[in-house]
Structures are given as C-alpha cells and as structure tokens.
Amino acid sequence: MLYEREGTTHMNESSKQRSQLSKWSMVGKDPYSIPIEQIDLSHPGIWQANEYLPFLKRLREEDPVHFCSKSAVGAYWSVMKYKDIMEVDTSPDIYSSEPTIGIVDAFEEFTLPSFIAMDPPKHDEQRRIAQPVVAPANLKNLEVIIRERACKILDELPVGEEFDWVENVSIELTTQMLAVLFDFPFEDRNKLTYWSDMTTAIPSKGGVANTQEERWAAIQECLEYFQRLWDERIKQSPGFDLVSMLAHGEATKNMPAKEFLGNLLLLIVGGNDTTRNSISGGVVALNENPAEYEKLRRNNDLIGNMVSEIIRWQTPLAYMRRTATRDTELRNKKIGAGDKVVMWYASGNRDEEVLERPDDFWIDRPNARQHLSFGFGIHRCMGNRLAEMQLRILWEEIMNRFEHIETTAEPARVYSSFVKGYTKLPVVLHGL
Amino acid sequence: MISITYIEHDGTERVIEARPGSSVMLAAVTNGVPGIDADCGGSCSCATCHIFVREEWLTKLEEISPIEEAMLSLSPDRKENSRLACQISVSEELDGLVVTTPEFQF
C-alpha cells in the first residue's frame, strides 16, 4: 500500500456532493460547540472546504492526543502537538509504518509494498538505493536542467489574462522534473502524473478512477512501461536515473515486480502532489499576505528561507499514520497494541508552544527549517532537497519576470484529508 | 571554554569557543558556522548536522547510539568518521576537537 485509498480525488461535482451528503462530514459545524469526542479529522470535507484549522487548534488546546472512536475509517488516535509528533515519528519500534501510512487499511489484493510502509531493516536497505538520485550531490547536476525547464514554462505563460496556475505551472513543472529523475521519455511525461493520480484515487463514479479495476489497470500499465525501461537499462552501464539505480542496485536488482512497482509509485507520488501543491501554496500565501509579497520584491535573498516557510504553511501532506506495536502511553493516554496513530503534521506546524505566530506566513521567519512537513526520523522525506531546490529556482525565475501573480478567485482544494493542496488556482500575471 | 575547529568543505577554518554541556551542533549554529542545518533542533532525527570527526578524536567520543546509527546510515555521504554533531556533547576532554562539515547536508 502506497498512500491511503481515501487519498486524492480531484474536486468535481460528485466529490462535492459526497462531502455534503456524507454523515461523517464536519463541514459547516462549529468546531467549539460540538462535543469534543465527535471531532473526526479523517473525513476530507473540512480539508476541501478549508475549515480544518479551528478544529486542529481546539484539539491542541483541549485534547492533544485525541481518540476518535467512530469514523468512516474506524477508530484512530490523533497526535496534535509538535513535540508529541516528534516523539512518535522517532520511535519506529513502538509506532510502526507497517502495514500502511494512510488512515485507511489497504485492500490486500490492491496493495503494493514500498519502503515508506516498511520498518527497518528492509526499509533502510531499499531506501539507501534510491537515496543518491535525490541527494544534493546529484541535484547539483540537475539544477541547470531544472532552471531551463522552469524558465521555458514561465516564458510561455500569458501576461494579463486569466489562466490556471495549477495546470500550467505546478503540474507541468513537477511532471517534467519526474521525467528527468526517471530519465523517462519526455513526450510520454503526462503518463507519470496520470499514474500518480490513479495511485492515490478513491474509485468513485465520475472521479479520477470510476472503479477499482480501472485504477488497477492504469497501475498495471505503469508497471509494464517501467518494466520495459528496466529491461533497457539493465543492459546499459549504471546511470544516475532512478530506474537504472534500482535495476543495478544490489538490494533491489532482484526485487519482485510488485515491489519494484510499489517503490516506483512511491517515488512518483512522493515527487508529484507534494511539490505541486507547495508551488501553488506559495502563490496563495503571498496573495493572502501582501506585506510579505512586498518584502520579497524588495529582497529576493529571502527566497531560500521563504521556501521553508511555504512548505510549513502549506504542509502538503496533512498527516502520516503509524500503528502501535505494543501497549504504550502518550501524554497519559493509553494507546493499545494495533491502534492507529495519526500524526497531524498540519497541526504540529501551527503549534503555538513551539512556533512564534504560527498562523502567520512570515517569509523571514527565524528557524523556518524546523517544520514538520518532511517528517523526522528514519522516514524523513527523501526528496526534501529536491523539493526545496525546485521551489527556490522557480521563485528566483518568477521574481525575474513578474511583479505580481495575482489570484483572481478562491482556489479549489483537493478532496482529501491526506494530500493538502489545490485543484485550481486562477491567476493573472503582471509583468515587471 | 573549549575550543572546536570546524573546517568547511572548501577548507575554510573557524575556531569556536564552546561551553561545556553544549553540543558540537549548538556551538556551530549559535556561532554562525555554515554547513550545519540542524533542522530537527538537536533531537537526532534529521541527520542535517552530519560532520566528519578528525581521526584522533574518534576514541574520545561516546559511542554511536542505535538511533544515531539509523539516521547516519541513510546518508549517501556516510563515512567511517561520520557523526551527528547534535549527539556530541562538549566537554573538557574535547578541547581542541577538529571536525569537517560535508559539502551538502542531506
């Protein structure tokens, strides 16, 4: 299982209706008057409607290790505070990443193994193979290509007329970067995004995937495509793309097909939604905070720090789930063996106890790097430096070209409590 | 005060006076030594304070804990003398310590 089933579906009529009709939805409820035991963060409704923040705040204040006994996805614990999240994230012996890191337990027949959902030692062996492709030494070689592609995308955008930033910039740039990392045929690059979206889709009529079978067929197509690339690259000398690294790596070269696919999809999904939504999130944050945008215009040297602040503010993955391996205690709450424990990064990143003015977007925030969005411990985001580099280069090139990326309507948000992001962001560009 | 020398990847040397009880990470960060990020603030859980310890000092350090080992082992730049600076506490014994920062923090 890669990411949860309940994961991403893009907003459309059917998902809107679903969120309104579902008896589990908390949309429109007053976060401070409903009985606290009824607060359920797992339902995507409040995330899509952008109503989640007061629920997180109330739980941090009144019930920071919160048990939700009834939800559409069963019973689970919510860990709300920065320091508690850190403790759970760095105790993999007590809080396991197996069998899955999504709130929803996987269907066995549609499950793919990957190292995000493995404990040591297997996790370490497999991660170590993939690591070098996104390690800073390799990124230095990629910087030139990334900048070229970012410039080309920006140069082709219309100035003075409305367009969708998500489709034309966020998706386009992240897709092109994935193609570079896999040395994937450029003309077929949109398949990567398609497979990523199918992987995280909840099958539903009119959604990204109509049925589980349709979703699974797309994943099979992905496997076949990559199997061909693998067969090509195994015959060549080892290269610096991910497929070649997996095909030649000692710990991965005899990997069963299912595991190869699971790890590929992990890297595709991991490098896709998260960066995409941080690219969009930066535009949203700067428009909501015009004084910070002005600060940026006056001093482009703040871009590096701003990138960390964007990643904190956006928190592109709202949570990661663990499963307790034995009875344990957290803030005097008794957690039982087998219980689901959800670390809400989106809450820890707004924790007043650790962060000064946590709800403010503050591009020169001190210690901006100390956010939870990448997780901590052995599962810490492997692509963190690549993500930061993509965002930094993009903003450097944006500031070379545009005075203002003006948002012209409220963005549409993803229907998911896991992937925190945008499906549409209408903007108008103003040149320098 | 205890003196620690930090050598950057390009050879630039900086000598810092650190207080006992501090850590090699904190001494660097509070004195503006570049090359150490310390994203997790010193809890051995991000590996962005990776340093290389000069050979002769290795035996004077406390042993690597399993958690530090787990974090270090994920770094592609891991070497025999790799340590996480947040896990080395400054003591009289370490007066004169010499460490090198890597070109990149992972």
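Q: What share of the 432 residues in chain A is buried, and what makes a residue count as buried?

A: In this predicted model, buried residues make up 50% of the 432 residues in chain A. A residue is called buried because 20 or more other C-beta atoms lie within 10 Å of its own.

Q: Why is H12(A) called largely enclosed?

A: Of the 16 residues of H12(A), 14 are buried, so the rest of the structure largely encloses this helix.

Q: What span is expected for helix H12 of chain A, and what span does it reach?

A: Helix H12 (residues 273-288) of chain A reaches 22 Å from its first C-alpha to its last. At 1.5 Å a residue, the expected value is 22 Å, and the span is close to that.

Q: What makes S1(A) and S8(A) partners of S2(A)?

A: A pair needs at least two bridges. Strand S1 (residues 65-68) of chain A is joined to S2(A) by four bridges and runs antiparallel to it; A:Cys68 stands opposite A:Tyr76 there. Strand S8 (residues 340-344) of chain A is joined to S2(A) by three bridges and runs parallel to it, with A:Val341 as the bridge partner of A:Trp77. Both counts therefore meet the cut-off of two.

Q: Which way do the residues of strand S2 of chain A point, and are they buried or exposed?

A: A:Tyr76 and A:Ser78 point one way from strand S2 (residues 76-79) of chain A, while A:Trp77 and A:Val79 point the other way. All of these are buried. In a regular strand, side chains alternate between the two faces of the sheet.

Q: Which residues have the most contacts inside the largest nonpolar core?

A: That core has 146 residues, and those with the most contacts inside it are A:Val79, A:Tyr319, A:Trp344, A:Tyr345, B:Val24 and B:Ala85. Helix H7 (residues 165-182) of chain A gives the most to this core, with 10 residues. Leaving aside neighbours within four places in sequence, A:Tyr319 is in contact with residues including A:Trp344, A:Tyr345 and A:Phe418.

Q: Why is chain B called as compact as a globular protein of its length?

A: Chain B comes to two helices and five strands, in the order β-β-α-β-α-β-β from the N terminus on. Its radius of gyration is 12 Å, close to the 13 Å that the globule rule gives for 106 residues, so chain B is as compact as a globular protein of that length. The C-alpha trace of chain B spans about 35 × 30 × 25 Å along its principal axes. Of its 106 residues, 40% count as buried.

Q: What makes S2 and S4 of chain B edge strands?

A: The open sheet of five strands in chain B has the order S2-S1-S5-S3-S4, with mixed pairing. Strand S2 (13-18) and strand S4 (82-84) of chain B each have a single partner strand, so one side of each is left without a neighbour in the sheet. Neighbouring strands of this sheet are turned by 35° against each other on average, direction ignored.

Q: How many bridges join strand S1 of chain B to strand S5 of chain B?

A: Strand S1 (residues 2-7) and strand S5 (residues 97-100) of chain B pair over four bridges in the parallel sense. One of the bridge partners in S5(B) is B:Val99, which faces B:Tyr6.

Methods: Residues numbered from 1 in each chain as written. Chains lettered and ligands numbered in written order. Predicted model: local features only at pLDDT ≥ 70, side-chain atom pairs only at ≥ 80, totals over all residues. Rg over C-alpha atoms; globule rule 2.2 N^0.38 Å. Buried ≥ 20, exposed ≤ 12 C-beta atoms within 10 Å, placed from the backbone. Expected span 1.5 Å × (residues − 1). Axes fitted to C-alpha atoms, helices over the stretch in contact; angles between N-to-C directions. Core = buried A, V, L, I, M, F, W, Y, C linked by C-beta atoms within 7 Å. Contact = placed C-beta atoms within 7 Å.
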